[in-house]
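Okay everyone, have the sequence and the structure open on your screens.

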Amino acid sequence: MSTITVIPADTAEVVALSGGSAFRLLADGGAFGVNRLTLDVGADGAKPHFHARSSELFYVLDGVLEFRHGATTTVDRGGLVIVPPGVPHAFGAAPGHHADVLVVLTPGVERFGYFRHLGRIARGLDTVEALRSEQDRYDVHFTG
């Protein structure tokens with residue numbers, strides 16, 4: 001029997017990044033992986049990467065997202081970006097702007113560990129190199 005999943009806002013785990021940026025972890029694995037990413041003014045969100053098994057959706061709740069996918073596209077509040085599997089992409093808050101983005105990966109991959117690792121990197125407790133051995137596990141494949 002299927003059940004409905006409800007995640008009240010005040011129960012979401014928050015993973016702090018550098019500056020005022022942070023992840024709010026909402027759903028991990030299953031049909032969807034969902035997080036809310038707030039990026040400080042001009043902050044980088046992700047270096048170039050792709051997902052081999054999942055599509056990724058970005059819905060801009062507020063601010064301006066700069067999306068890099070060979071070309072650079074800015075996406076304002078209310079805009080949507082869908083990235084199919086295998087397509088390299090990177091993103092961040094546009095220069096001079098913050099971004100508040102709902103990110104959905106489908107099918108979901110258990111990635112909360114990945115986001116926690118990024119938080120440790122932001123605090124100087126771990127390295128990006130340590131994530132390279134976890135690319136298949138989290139379906140985040142770095143390019144370049």
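So, what does histidine 117 touch, not counting residues up to four places away in sequence? Histidine 117 touches Asp126, Thr127, Ala130 and Leu131, where contact means heavy atoms within 4.5 Å. Quick caveat: this is a predicted model, so local features need pLDDT of at least 70 and side-chain atom pairs count only at pLDDT 80 or more, while totals for chains, interfaces and linings use all residues. Also, residues are numbered from 1 along each chain as its sequence is written, and side-chain values use heavy atoms, with hydrogens and water left out.

Back to histidine 117, which sits in helix H1. (Helices are DSSP runs of H or I with at least four residues, strands are runs of E with at least two, and both are numbered from the N terminus.) Is histidine 117 buried or exposed? Its relative accessible area is 7%, so it counts as buried; the cut-offs are under 20% for buried, over 50% for exposed and partly exposed in between, with a 1.4 Å probe and protein chains only. Its side chain also reaches the backbone oxygen of threonine 127 at 3.3 Å.

Now another histidine. Histidine 141 is in strand S10, residues 141-142. It counts as buried because its relative accessibility is 11%. Its side chain makes a polar contact with the side chain of aspartate 139, at 3.1 Å. A polar contact is a pair of N or O atoms within 3.5 Å; within protein, one must be able to donate a hydrogen and the other to accept it, and residues adjacent in sequence count only if both atoms are side-chain atoms. Leaving aside neighbours within four places in sequence, histidine 141 is in contact with His49, Phe50, His51, Ala52, Gln135 and Asp136.

Let's zoom out. How many helices and strands are there in the protein? There are 3 helices and 10 strands, and along the sequence they run β-β-β-β-β-β-β-β-β-α-α-α-β. Buried residues make up 42% of the 144 residues. Take contacts between residues at least 6 apart in sequence: 67% of them join residues at least 24 apart.

And the overall dimensions? Along its principal axes, the C-alpha trace spans about 45 × 35 × 30 Å.
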